[in-house]
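Hello,

Here is the structure we discussed. My notes on a few of its helices, strands and core residues follow below.

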Amino acid sequence: MWRSCLRLKDRGRHLLNRPSGDPTTLVRPGSFPQFPARAYAPPTGGFEINLDHRKLKTPQAKLFTVPSEALAIAVATEWDSQQDTVKFYTMHLTTLCNTSLDNPTQRNKDQLIRAAVKFLDTDTICYRVEEPETLVELQKNEWDPIIEWAEKRYGVEIGSSTSIMGPNIPTKTREVFISHLASYNMWALQGIEFVVAQLKSVVLTLGLIDLRLTVEQAVLLSRLEEEYQIQKWGNIEWAHDYELQELRARTAAGTLFVHLCSESTTVKHKLLQE
């Protein structure tokens with residue numbers, strides 16, 4: 001299936017054609033203006049995706065446009081990876097773009113932020129077991145450094161608890177995280193909430209977005225108790241591996257989405273020589 005991206009500007013459009021055989025390379029005449037390293041609002045206009053010369057639309061029939069060229073390329077590549085059957089459940093970037101454009105739950109920025117911060121009450125790495133001792137020690141060794149990093153990085157108190165009620169998160173901590181998340185635009189917040197929901201952890205998500213953790217590390221830490229049980233009792237054939245790979249894929253897509261929506265990125269293109 002032939003893909004292309006269009007750069008929508010205030011005046012006219014520039015066709016960005018992808019040469020066959022290279023889904024990540026686009027060719028365009030001229031060049032785009034440089035944007036600041038990080039901008040918290042999408043640039044005017046955007047990029048649209050064409051499928052076989054047809055404009056991609058959202059489930060609510062809106063024109064599918066994204067705020068950065070890099071995100072447009074990533075989405076086009078995601079479509080290029082599809083074979084005879086389009087498997088939408090594997091297209092996490094496309095799904096996140098659709099959610100950002102259609103906003104099916106009609107949530108505003110404040111509601112998105114509070115939905116993400118609410119996970120602090122049940123944050124995975126703040127809940128601790130009291131036994132067995134080997135798991136207690138594993139949680140302490142693996143989770144405590146991340147909590148300590150977040151407390152130092154944001155100047156807050158988080159802590160942990162073995163109580164079924166979870167840790168008592170100070171009001172100031174919530175306010176700091178709410179203020180920090182407010183610096184992101186609506187698109188990036190959709191991605192942040194998506195990652196938080198995958199990892200069941202605000203702390204791990206922030207560590208991932210801030211590049212303190214890799215996707216593999218964040219996923220492993222979110223599944224620490226499960227991985228402990230697997231090592232102790234054995235793996236269910238294919239099931240656990242499938243769940244692990246799916247979680248990695250969703251977390252990686254959400255993280256990439258956040259970064260591509262948090263920066264006004266312009267991709268350097270190869271120039272075709274005749």
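The buried residues of helix α3 pack against α5 (171-181), α6 (186-199) and α7 (202-209). Buried means under 20% relative accessible area, with exposed over 50% and partly exposed in between (1.4 Å probe, protein chains only). Helices (H or I, at least four residues) and strands (E, at least two) are DSSP runs, numbered from the N terminus.

This is a predicted model: local features need pLDDT of at least 70, side-chain atom pairs count only at pLDDT 80 or more, and totals for chains, interfaces and linings use all residues. Residues are numbered from 1 along each chain as its sequence is written, and side-chain values use heavy atoms, with hydrogens and water left out.

In α3 (residues 109-117), the buried positions are Leu112, Ile113, Ala115, Ala116 and Val117. At the start of α3, a side-chain oxygen of Asn108 comes to within 3.2 Å of the backbone nitrogen of Asp110. This is a polar contact (a pair of N or O atoms within 3.5 Å; within protein, one must be able to donate a hydrogen and the other to accept it, and residues adjacent in sequence count only if both atoms are side-chain atoms).

Helix α7 is largely enclosed by the rest of the structure, because eight of its eight residues are buried. They pack against α3, α4 (133-154), α5, α6, α8 (215-222) and α10 (239-262). Ser201 caps the N-terminal end of α7, with a side-chain oxygen 3.4 Å from the backbone nitrogen of Val203. After α7 comes Leu211, which has a positive phi, near 70 degrees.

Strand β3 (residues 46-51) has six of six residues buried, so it too is largely enclosed by the rest of the structure. Gly46, Glu48 and Asn50 are buried on one side, and Phe47, Ile49 and Leu51 on the other. β3 pairs in the antiparallel sense with β5 (residues 65-66) over two bridges, where Phe47 has Val66 as its bridge partner. Pairing requires that DSSP finds at least two bridges between the strands. β3 also forms a hairpin with β4, with two residues between them, and Asp52 in the turn has a positive phi of about 50 degrees.

Leu71 and Ile158 touch the most other members of the largest nonpolar core, which has 62 residues. Such a core is a set of buried Ala, Val, Leu, Ile, Met, Phe, Trp, Tyr and Cys residues joined through side-chain atoms within 4.5 Å. Leaving aside neighbours within four places in sequence, Ile158 is in contact (heavy atoms within 4.5 Å) with residues including Cys126, Ile147, Phe177 and Val203.

Regards
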